[in-house]
Amino acid sequence: MAQHLRDNAVGRSVVRVDVASMSVLKTASPPWTELHGRTVTGAARHGKYLDLDCDGLHLVCHLARAGWLRWSDKLSPAPPKPGRGPIALRVHLGGVGFDLTEAGTQKKLAVWVVADPAEVPGIAKLGPDALELDADGLAAILSGRTERIKTLLTDQSALAGIGNAYSDEILHAAKLSPFATSGKLDADAVARLHESTQEILKDAVQRSLGQDAARLKAEKRSGLRVHARTGLPCPVCGDLVREVSYADRSMQYCPTCQTGGKPLADRRFSRLLK
Ligand SMILES: [Zn+2]
């Protein structure tokens with residue numbers, strides 16, 4: 001997405017920003033209208049945050065789980081209707097532009113207007129970027145940690161950039177149980193985890209580059225081996241992909257590839273049964 005914005009938004013002028021859902025806006029000062037008339041000078045990614053640099057004033061967004069950026073080469077000049085439909089924010093860049101959308105009822109998409117991206121609390125707390133870590137760097141992060149590896153991989157303050165979907169994919173490729181204790185992985189497991197992280201993330205970025213931003217979500221889905229594939233065969237071994245639910249989300253894994261053939265206890269259900 002950052003690449004798409006660098007290729008398509010940089011050099012254009014922000015004609016107008018429509019905020020259809022005030023609750024997405026996490027900053028009040030400077031007002032978002034300060035973006036009007038500014039030239040887009042860059043676009044970057046910080047962990048899972050997207051940063052549109054409008055000549056020194058940054059429009060930063062976190063899409064959360066159900067949010068998306070929908071680029072349009074023929075953006076409607078009309079403002080989206082507040083409180084109706086999935087569009088939270090529309091950025092007009094002179095004929096073209098994009099919508100930030102969010103599906104579902106859980107509204108987590110967030111937008112900040114800041115002079116420095118580090119003013120966004122989540123960005124200030126980010127750990128090193130997962131794509132830039134070498135094997136020793138990853139080993140140092142895991143060392144002594146008692147969390148389950150699934151939890152640590154998605155903790156943005158430990159390492160940045162990996163979400164629910166790609167952590168499932170990385171653990172599957174590394175043949176590791178999502179419930180393994182982070183600090184207890186042996187050197188071989190850490191090496192596999194490092195290799196899989198690089199492979200899965202680089203492959204995902206590569207497949208997405210040059211894709212129309214409107215089609216990125218479909219592209220992401222099509223490349224997944226276990227995530228969101230409960231009950232379907234594992235493309236590596238043919239075993240059926242299983243699911244564990246916890247809190248308000250779920251993860252998927254292959255028992256044969258990752259847990260010695262044993263299904264993991266669904267903690268939410270085991271707690272209910274006690
Ligand atoms: Zn498998």
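Buried means under 20% relative accessible area, exposed over 50%, and partly exposed in between, using a 1.4 Å probe and protein chains only. All views show a predicted model, in which local features need pLDDT of at least 70, side-chain atom pairs count only at pLDDT 80 or more, and totals for chains, interfaces and linings use all residues. Residues are numbered from 1 along each chain as its sequence is written, and side-chain values use heavy atoms, with hydrogens and water left out.

**View 1**
Cys61 is buried, with a relative accessible area of 6%. Cys54 is buried too, at 1% relative accessibility. A disulfide is a covalent bond between the sulfur atoms of two cysteines. Here it is counted as a pair of cysteine sulfur atoms within 2.5 Å. The count for the structure is zero. Seen from Cys61, the nearest cysteine sulfur is that of Cys54.

**View 1. The largest nonpolar core.**
A nonpolar core is a set of buried Ala, Val, Leu, Ile, Met, Phe, Trp, Tyr and Cys residues joined through side-chain atoms within 4.5 Å. The largest one has 30 residues. Leu5, Leu52, Leu59, Leu93, Phe98, Leu100 and Val111 touch the most other members. At least two residues of this core come from each of α1 (2–8), β1 (16–19), β3, β4, β5 (67–72), β6 (87–92), β7 and β8 (110–114). Helices (H or I, at least four residues) and strands (E, at least two) are DSSP runs, numbered from the N terminus. A second, separate core has 25 residues, including Ala130, Leu153, Ala174 and Leu201.

Leu59 lies in strand β4. Its relative accessibility is 6%, so Leu59 counts as buried. Contact means heavy atoms within 4.5 Å. Not counting residues up to four places away in sequence, Leu59 touches Leu35, Leu50, Asp51, Leu52, Leu89, Val91, Phe98, Val111, Trp112 and Val113. Gly261 lies 202 residues from Leu59 along the chain, and their C-alpha atoms are separated by 47 Å.

On a 1 Å grid over the protein atoms alone, a cavity is a set of points where a 1.4 Å probe fits but cannot get out; a pocket is an open set with protein on both sides within 12 Å along at least five of seven lines; lining residues have an atom within 4 Å of a point. Grid points are joined across faces, edges and corners, and a volume is the space filled by probe spheres set on the points. The structure holds three cavities of 30 Å³ or more. Two or more of the lining residues come from each of β3 (49–54), β4 (57–62) and β7 (97–102). Which classes make up the lining of the second largest cavity? Eight residues are nonpolar, with no polar and no charged ones. Ala, Val, Leu, Ile, Met, Phe, Trp, Tyr, Cys and Pro count as nonpolar, Asp, Glu, Lys and Arg as charged, and the others, Gly among them, as polar.

**View 2. The largest cavity.**
Its volume is about 60 Å³. The lining consists of Tyr166, Glu169, Ile200, Asp203, Ala204, Arg207, Gly223, Leu224 and Arg225. Helices α5 (164–173) and α6 (187–208) are the elements that give two or more residues. The most come from α6, with four. By class, the lining has four nonpolar, one polar and four charged residues.

**View 3. Helix α5 and His172.**
Nine of the ten residues of α5 are buried, so this helix is largely enclosed by the rest of the structure. Among the buried residues are Tyr166, Glu169 and His172. His172 has 2% relative accessibility. Leaving aside neighbours within four places in sequence, His172 is in contact with Arg225, Val226, Cys234, Val236, Cys254, Cys257 and Gln258. After α5 comes Lys175, with a positive phi near 55 degrees.

**View 4. The second largest pocket.**
About 180 Å³ of space lies here. Of the 15 lining residues, Ser21, Ser23, Val24, Ala88 and Lys107 lie nearest the centre. The lining divides into six nonpolar, four polar and five charged residues.
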